[in-house]
Amino acid sequence: MSNESLANLLKEERRFAPPAALAASANVTAEAYEQAKADRLGFWAAQARRLSWETEPTEVLDWSNPPFAKWFADGRLNVAYNCVDRHVENGLGDRVALHFEGEPGDTRTITYAELQREVSKAAHALTELGVQAGDRVAIYLPMIPEAVVAMLACARIGAPHSLVFGGFSADALATRINDADARVVITADGGYRRGKPSALKPAVDEALTRPGTENVRSVLVVRRTGQEGIGWTEGRDVWWHELVERQPEEHTPQAFDAEHPLFILYTSGTTGKPKGILHTTGGYLTQVSYTHHAVFDLKPESDVFWCTADVGWVTGHSYIVYGPLSNGATEVLYEGTPDSPHQGRWWEIVQKYGVTILYTAPTAIRAAMKWGDDIPAKFDLSSLRVLGSVGEPINPEAWVWYRKHIGGDRTPVVDTWWQTETGGIMISPLPGVTETKPGSAQVPLPGIAATVVDDEAREVPDGSGGYLVLTEPWPSMLRTIWGDDQRYLDTYWSRFEGKYFAGDGAKKDDDGDIWLLGRVDDVMLVSGHNISTTEVESALVSHPKVAEAAVVGATDPQTTQAICAFVILRGGADAEEEGLVEELRAHVGKQLGPIAKPKRILPVAELPKTRSGKIMRRLLRDVAEHRTLGDVTTLTDSSVMDLIQSQLPAAS
Ligand code: WT7
């Protein structure tokens, strides 16, 4: 990043101090940074004591064979016991664990005591199906309580789970079953999506016709929608309600080694086949439990926590299942989409359950901005006290809107940076400590070492940009890529010697705070200047007529790449308005400098997104460069690209 454009980009000057009352009773204070700095491993050893171990670990980190880490290696514990049974033993059996809200409006309230019975029965059921410790179980379910129960049942018997997001195709499911060599698949007849039942079981049936899935012995099927015409393979398929319901309600959890595999979760990566990210038991649970406690300031006796992610993503694993439940939280689990049956559905849920902590993604915040301020204004959101964001850089305007219109201008907003690979939150403000800056994840958490380096792996000075790296191992780090140690080394540990390369561009501001700039593949080269797509997008979104923007660099004979922007206008703005494009270009020029002015700006109705909410810039680049579109199978809605292409002016 050239220095003159950086100077322009660091203009965000709004600051928000922690609310005094929150700071006064915060779970974690500034002291934690000091403690971790004085004795990093001692700090993590202390956090490990948040958990109940059958055998307390005496070792903290074994880094004798880097980058293959072992944490708490001589300790033994059971994850499900930590997330469920110990709370019941502590007299909290009547506390609500899950407030489930189905998309059609059906609800279930599940206490910790009930969760213990459900998980115990499911653990017996898996054992009856022949699942043993170490066997992999694929889980392909909608956002229903059985998804949480199934994960915990696997953890209870030491069978690593591999969740496959319910929106993925039979192909994606087959590849993942094959790579992990899964023995059992847990699925449902279907789930609800935008008011309609949507089938899941047929995709499982199709996936199991593909080569490499022959080792799947059983398919356990939850009845959710009751839809007709579900195919059935005798001897392989079993109804959950038939098998699980008749099992004993008591089950003795067995302890596993701290490094026993807990789950595999596939992440797409830019090229090649999906990477099976492997997480293990003791270090993972330590870090997700601690970070959930620290970053959200969870008070389990009074808070109602809601993470809107799908359990099929790492956010759901760490901050719906393992983090919150290990902390004895009460949480909301919602099956559906934010706009079904109306665009106020989320805010209605916050009001109904008195949600105090909300954790969501920038894409959802921008959608709510686009739908209009008047929608959340109709609901009582005064219970909220901490708001979180994750998944991509949050544009400062979206951050400020979130705080103001959802958080009533009271709540801290914590922008949390992490990855499937990191397992838990790594960089984030602490709500009772950090003076926040809209758009910045700011500081590594206590016990975490992150910085920004240049091409030669040298740490950049404050005020400069480069690549985000993690310089010390952390408890919830991935242990390897399932079945492919070499790819683990090549992908993360070869770019900069001895440092974990995250693949994200980042900069440090004059205070040394970290700003994430998107994947390094999303940096454009325009007339010799590096310009990040994120920053041009944020500049566009800060214009009152723009709700959302996606920026790509398209090959250009004069300038190497030319900035091409796709924008969604806010309600009320007119795409045909004369001078609109010029006005937006001038606005970006003023915010970031003339070099960052987009060459082309195209108002569009929708943007192509993956199901985890990331904009697929690769496809927009194809459009901008007039190429045939690449693979669209991971889009939430593949018709979006047809729509965009039909709106394009003839090749310009
Ligand atoms: C990538 C990881 C972590 C759970 C969800 C995504 C981007 C994530 C932030 C943030 C800027 C962010 C990064 C990262 N990302 N959080 N707060 N600010 N960027 O998990 O699918 O593994 O994606 O998401 O680019 O590398 P994932």
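Guide: What follows describes the annotation and then two of its residues. This is a predicted model, in which local features need pLDDT of at least 70 and side-chain atom pairs count only at pLDDT 80 or more, while totals for chains, interfaces and linings use all residues. Residues are numbered from 1 along each chain as its sequence is written.

An unreviewed UniProt entry carries the annotation "binding site" for G391, E392, P393, D415, T416, W417, W418, Q419, T420, D504 and R519. UniProt positions are given in the numbering used here, with shortened feature names, and annotations may be inferred rather than shown by experiment.

P393 sits in the loop that runs between β19 (386-389) and α16 (396-406). Helices (H or I, at least four residues) and strands (E, at least two) are DSSP runs numbered from the N terminus. P393 counts as buried because it has 28 C-beta neighbours inside 10 Å; the term buried requires 20 or more other C-beta atoms within 10 Å of the residue's own, with C-beta atoms placed from the backbone. Leaving out residues up to four places away in sequence, P393 touches L516, L517, G518 and T534. Contact here means that the C-beta atoms of two residues, placed from the backbone, lie within 7 Å.

Apart from neighbours within four places in sequence, the contacts of D415 are S389, I394, W399, S428, S440 and A441.

Methods. A residue is buried if 20 or more other C-beta atoms lie within 10 Å of its own, exposed if 12 or fewer, and partly exposed in between; C-beta atoms are placed from the backbone.
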